[in-house]
Amino acid sequence: MRSNHLTAVIVGAGWSAEGHTNAFQHYGVKVLALCARKLDIVQKHANRLGIPEASIDWRESLLKHRPDIVAITTPAILRSEPIELAAQLGCHIICEKPLALTAAEAGRLYTLVKEAGVKHAFAATHLYEPSVAYVRHLITQQRSIGELKEVDIGYTRRLPGTPTNRVRPWNWMNSLAHGGGALNNGLTHQLGMLEKMTGQQVVSAVGEARFAPRKAPVVPEIRDFRVWRSKEITMEEAAKLEWRECDAEVGYSALFKLGGTENPVLVTMRPKPGVPTKSPSGGWYFYGTEGTLVGRGGHILSPVTRYRGDTVEELPIPQAFSDALPRIGDDIQNKWTALVRDFLADIENRPHEPYLTLHDGWRYQIAIDAIRGSVGWTEVPV
């Protein structure tokens, strides 16, 4: 499938901008411009990705090119105005997570694009993991554990502040004002996976976020999220740098209800502090009337095991589910590419799999606000 007649502009120049660009180019979309705030950075990335225009004025680029598609890959604090102009110009929109800093703003943006009549996609992409598709098949098509009754999700992640003689630098992920935090950047993925695997939508949420007052040293040259997440510096190096406050939540515990108001499926979700090991840590537990299905891990469920009575059966993921994922790069790149594949097919009125939209970005932000604010059970629209 090639989409040679379509054009795109990318707003933002980080890891996700590269991911969307590679996906668009793979399917023949002409990426006309890459937009960011610093000329040297955007020029370097545009040259590397084969994009003809490196721009420090996204507004000018959108007005000049009026592309078919605009990809919004900036931190959440910078997304509203590009979405507003793209919708005004009639551009289809694909937006990274979270959609906005609050549920109210996310709802406003969703209403805006809905009224503009453009296609829109929300890039919480771990639901494209082949193991997620296989678990959905087992639960909703094979009904291998009967009727789903409850889901328990627990996985281990190293929380900031874990004792060590090294420290991770400050990044936008540490700032709520920039769209950082475990809820904006983890729960969005988890909810997409949960709804896909169960075939049901979240209808209400409650929970509590965990905050740990702290600071982190600023390393100005680290802008790529891939570099940041693997970068740690010694305390001696950090002592020579400026330190900045970190106010984003480091974890959370939450409950969700799936389905209708009668006999909903209860979901427990709790990221656990600790040091993850190379072996699968924690997992997704699906309890049914005829057995239990367990997928070990957080975003990649492996192995998948079914328990029925005294029978324990490990279920290898059939090759067909892996073959359904485009293969043009690493695991993260391939999932961006799968979303772009479905999004382009929808734009061109071709058959496609369902994908997340800005409606889901709004719904998920309602759940995030409820948990972060500890406001009690909150209804989530479907």
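**Exercise 1.** Determine how helix α3 and α4 pack.

Solution. Helix α3 (residues 58-65) packs with α4 at an angle of about 10°, and their axes lie 11 Å apart. Axes are lines fitted to C-alpha atoms, for helices over the stretch in contact, with angles from 0 to 180 degrees between N-to-C directions. Therefore α3 is roughly parallel to α4, a term for angles under 35 degrees. Helices are DSSP runs of H or I with at least four residues, strands are runs of E with at least two, and both are numbered from the N terminus.

The model is predicted: local features need pLDDT of at least 70, side-chain atom pairs count only at pLDDT 80 or more, and totals for chains, interfaces and linings use all residues. Residues are numbered from 1 along each chain as its sequence is written, and side-chain values use heavy atoms, without hydrogens and water.

**Exercise 2.** Identify the residues of α3 that meet α4.

Solution. From α3, Trp-58, Arg-59, Leu-62 and Leu-63 meet Glu-81, Pro-82, Leu-85, Ala-86 and Leu-89 of α4; contact means heavy atoms within 4.5 Å.

**Exercise 3.** State the strand order of the open sheet and its edge strands.

Solution. The six strands follow the order β3-β2-β1-β4-β5-β6 with parallel pairing; two strands pair if DSSP finds at least two bridges between them. At the edges, β3 (53-55) and β6 (120-122) each pair on one side only. Within the sheet, β1 (residues 7-11) and β4 (residues 69-72) pair over four bridges, and Val-11 stands opposite Ile-72 in β4.

Conventions:
Parallel < 35°, antiparallel > 145°, perpendicular 65-115°, else oblique.
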